[in-house]
Amino acid sequence: MSAVYSVDVRIEAPVNDTEVTDRVADAVRNLFPEADLDHRQGGLVAEVHAMEEFSELLHRAEILDTARSVFFDSLEGDTFAFDVKKQAAFEGRVNFAVGDPSELGDIHVTVTVREPDAEAYIDYVAPPTEDGTPVSPSDK
């Protein structure tokens, strides 16, 4: 039986004067298709309650270990956060932004897990791997 996850995912994307708002919105929706974006001064904000498509992109790109590292590095209590590059997102890819933010600003994502807990949700979104292949905790 699969667990039921209750999560709040807040997505914030700056929109610069040189950018087309719709393109930034498309970039966010490529990672989070269910995002209902609100225009706020200087950017777009959305809240979603799932990360299935994002997880699928991580699997396809074979960057689960990277994702786990990024998620666990920022984990505080029941919340973790990460930034992804807008250009990659526009192309339907996940590219974690580490170090200096890009000139256009990055898409910032904050995930708060209500049920069951953040570690279990990270395992769900980006399962641990063995020799690059995802393994579920029950496989061990």
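Author: We will look at a helix, a pocket and some salt bridges. This is a predicted model, in which local features need pLDDT of at least 70, side-chain atom pairs count only at pLDDT 80 or more, and totals for chains, interfaces and linings use all residues. Residues are numbered from 1 along each chain as its sequence is written, and side-chain values use heavy atoms, with hydrogens and water left out.

Reader: Which residues of helix H1 are buried?

Author: Buried means under 20% relative accessible area, exposed over 50%, partly exposed in between (1.4 Å probe, protein chains only). Helices (H or I, at least four residues) and strands (E, at least two) are DSSP runs, numbered from the N terminus. In H1, residues 21-31, the buried ones are Val24, Ala25, Ala27, Val28 and Leu31. Down the axis of H1, these buried residues fall within an arc of 155° (taken from the directions from the helix axis to the C-beta atoms), so they line one face of the helix.

Reader: What covers the buried residues of H1?

Author: Look for contact, meaning heavy atoms within 4.5 Å. The cover includes strands S1 (6-14) and S5 (107-115), and also helix H2 (52-61).

Reader: How do I read a pocket?

Author: Rolling a probe the size of a water molecule over the atoms shows where empty space is left. On a 1 Å grid over the protein atoms alone, a pocket is an open set of points where a 1.4 Å probe fits, with protein on both sides within 12 Å along at least five of seven lines; lining residues have an atom within 4 Å of a point. Here, 13 residues line the largest pocket. Ser55, His59, Asp123, Tyr124 and Pro127 lie nearest its centre. H2 gives the largest share of the lining, four residues.

Reader: How many salt bridges does the structure hold?

Author: Side chains of opposite charge can pair when their charged atoms come close. A salt bridge needs a side-chain nitrogen of Lys or Arg within 4 Å of a carboxyl oxygen of Asp or Glu. The structure holds eight. In one, arginine 114 meets aspartate 8 at 2.2 Å, N to O. That pair links distant parts of the chain, strand S5 and strand S1, 106 residues apart. Aspartate 8 is buried, at 14% relative accessibility.

Reader: Which residue forms a salt bridge with aspartate 123?

Author: Arginine 68 does, with the closest N and O atoms 2.7 Å apart. Arginine 68 is in helix H3 (residues 64-74) and aspartate 123 in helix H5, 55 residues apart. Arginine 68 is buried at 16%, while aspartate 123 is partly exposed at 25%.
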